[in-house]
Structures are given as structure tokens and as C-alpha cells.
Amino acid sequence: MTQRTLAVVSAGLRQPSSTRLLADQLAAATRDELVRRGDTVEVRPVELREHAHDIVNHLLTGFPSPALREVLDTVTGADGLIAVTPIFNASYNGLFKSFVDLIDSDALTDRAVLVAATGGTARHSLALEHALRPMFTYLHAVVVPTAVFAAPEDWSAGTADGALRRRVERGAAELAEQMHRRAPSTGPADPFALTGDFEDLLDGLRRDA
Ligand SMILES: Cc1cc2nc3c(=O)[nH]c(=O)nc-3n(C[C@H](O)[C@H](O)[C@H](O)COP(=O)(O)O)c2cc1C
């Protein structure tokens with residue numbers, strides 16, 4: 001039985017947020033799939049609106065608050081990531097992009113990611129393919145094939161047995177499979193970690209002295 005962590009980032013601005021609702025459904029379905037595979041799962045939700053001011057401050061100063069540092073470590077140290085944004089002007093919203101801009105460009109390498117979005121019209125569902133997927137691919141993450149979009153009619157049709165439910169389950173199964181087949185995460189990368197053996201470093205210093 002392997003312990004996995006699943007970070008769930010949600011960039012909705014309203015309260016209550018349909019983006020958060022979709023994120024929660026994806027998280028629950030992924031947890032179920034991992035448990036079916038024999039893993040134990042810790043789900044770590046990240047509601048970006050709670051960190052909006054810290055995100056802007058980090059963009060301007062180059063330094064995160066302790067709370068935002070914790071959030072960034074949660075995301076970069078997790079075994080898997082569910083990233084959900086509302087679609088604004090046919091793309092991810094500004095809060096979502098600003099947060100991703102703060103993630104070190106190597107920190108998500110080979111990380112299993114499921115992308116999802118909510119929107120006012122299903123006509124903009126392909127924003128997942130032309131905006132979110134390429135961005136995470138640029139960050140060398142492994143984005144699962146199914147991207148989940150929820151339009152207003154998906155909610156009004158009910159979520160228990162509708163098309164949205166099937167997309168959620170398919171995306172969750174793909175994410176769980178990618179997480180399950182990888183070695184467990186060792187946590188966020190330490191920027192101060194030694195890049196070589198300590199004795200070798202000392203030998204080098206002695207030679208230079
Ligand atoms: C400034 C703004 C721009 C938007 N642009 C789009 C858009 O281009 N396409 C779309 O489908 N929905 C668009 N929407 C609607 C939101 O994506 C939709 O209401 C979303 O589900 C809100 O998520 P929330 O409930 O988590 O806040 C826009 C909403 C706002 C406020």
C-alpha cells in the first residue's frame with residue numbers, strides 16, 4: 001500500500017464556485033481510483049482566491065509569503081495534480097496563470113496532471129487543448145489524455161449519471177493510473193540541496209586551498 005498525495009488547484013473567483021465543485025468531483029473520483037489500485041491518498045485542495053493577494057505580491061517582489069510557499073510546495077511535491085480554472089476570454093483566468101507563473105519551470109517535470117475547466121459555453125471547451133495542455137506540456141508534466149470541461153448544461157442535467165460524470169470518471173482513472181505506476185514523490189525539490197557528494201565537495205575545496 002503506497003501513500004500518495006494529490007494536489008487539487010482551483011481558480012474559481014465566485015463563491016460558491018462551479019470550478020471548485022468540479023475540482024472536488026475530480027478529486028473524489030481520483031481518490032476512489034487510487035484506493036481501488038491499493039494506494040492510500042491524501043487530497044490537498046488549494047483554493048487560489050484565498051492566496052490571490054500573496055500571488056500578486058510574489059509576482060512583484062519575487063518572494064512568497066510563508067503561506068504561499070506552503071501552497072507551492074504542496075503543488076510541486078504532490079504525486080499528482082488536478083488543475084481546474086474557469087475559462088475567461090477563451091483561456092485560463094488570470095489568477096490561474098499568475099499562480100502557474102510562480103512554479104519553478106522544472107518543478108512539475110514528469111508529474112501526472114489532469115486539466116479541467118468550467119465555462120459559460122461549451123463552445124470554449126477547446127481552451128483546455130489550446131491553452132492548458134500546452135502550458136503544462138511546456139513544464140514537462142505528463143497531462144492525461146482526457147481533459148474535463150463543464151458547461152452550465154452539465155450541471156443542470158445533474159451530475160450523478162450524466163456525460164460530465166463519465167468524463168470525470170475517465171479523467172480520474174487516467175490520472176490515478178499515471179500516479180500509481182510512478183515511484184512516490186519525495187516532496188518538493190530543495191533549492192539548497194547538494195548537487196554532489198559532500199566528501200567530493202570537501203576534496204574539491206582542499207585541492208583549491
Ligand atoms: C471576465 C469573464 C470572462 C469570461 N469569459 C468566458 C469565456 O470566454 N468563455 C466561457 O465559456 N465562459 C466565460 N466566462 C464565464 C465563466 O467561465 C464561468 O462563469 C465559470 O464557470 C465561473 O466559474 P466559478 O463559478 O468557479 O467562478 C467568463 C466570465 C468572466 C467573469
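Which helix and which strand each supply at least two residues of the shell around the ligand? They are helix 1 (18-36) and strand 3, and the views below start from the whole chain and come back to that shell. This is a predicted model, so to speak for itself: local features need pLDDT of at least 70, side-chain atom pairs count only at pLDDT 80 or more, and totals for chains, interfaces and linings use all residues. Residue numbers start from 1 along each chain, following the sequence as written.

**View 1. The whole chain.** The protein chain has eight helices and seven strands (DSSP runs numbered from the N terminus: H or I of at least four residues for helices, E of at least two for strands). Its radius of gyration is 19 Å, close to the 17 Å that the globule rule gives for 209 residues, so the chain is as compact as a globular protein of that length (the radius is taken over C-alpha atoms, and the rule is 2.2 Å times the number of residues to the power 0.38). Along the principal axes, the C-alpha atoms fill a box of roughly 75 × 40 × 25 Å. Buried residues make up 34% of the 209 (buried is 20 or more other C-beta atoms within 10 Å of a residue's own, exposed is 12 or fewer, partly exposed is in between, with C-beta atoms placed from the backbone). Of the contacts with a separation of 6 or more, 78% join residues 24 or more positions apart (a contact means backbone-placed C-beta atoms within 7 Å).

**View 2. Helix 3 and its buried face.** Helix 3 covers residues 66-77, and its twelve residues reach 16 Å from first C-alpha to last, close to the 16 Å expected at 1.5 Å a residue (the expected span is 1.5 Å times one less than the number of residues). Val-71, Leu-72, Val-75 and Thr-76 are buried here.

**View 3. Strand 5 and its partners.** Strand 5 (residues 112-118) is mostly covered, with seven of its seven residues buried. Ala-112, Leu-114, Ala-116 and Thr-118 point one way, while Val-113, Val-115 and Ala-117 point the other. Strand 3 runs parallel to strand 5 and is joined to it by seven bridges (pairing takes at least two DSSP bridges); Gly-80 stands opposite Ala-112. Strand 6 is also parallel to strand 5, with two bridges, and Val-113 has Val-143 as its bridge partner there. Strand 7 pairs with strand 5 in the parallel sense over three bridges, with Ala-117 opposite Phe-149.

**View 4. Val-144 in its loop.** Val-144 sits in the loop between strand 6 (142-143) and strand 7 (148-150). It counts as buried because it has 23 C-beta neighbours inside 10 Å. Leaving aside neighbours within four places in sequence, its contacts include Ala-112 and Leu-114, along with Gly-171 and Gln-178.

**View 5. Around the ligand.** The ligand is surrounded by 16 residues, the closest being Gly-12, Ser-17, Thr-19, Gly-119 and Gly-120 (near means a backbone-placed C-beta atom within 6 Å). Strand 3 gives the most to this shell, with three residues.

Key. Contact = placed C-beta atoms within 7 Å.
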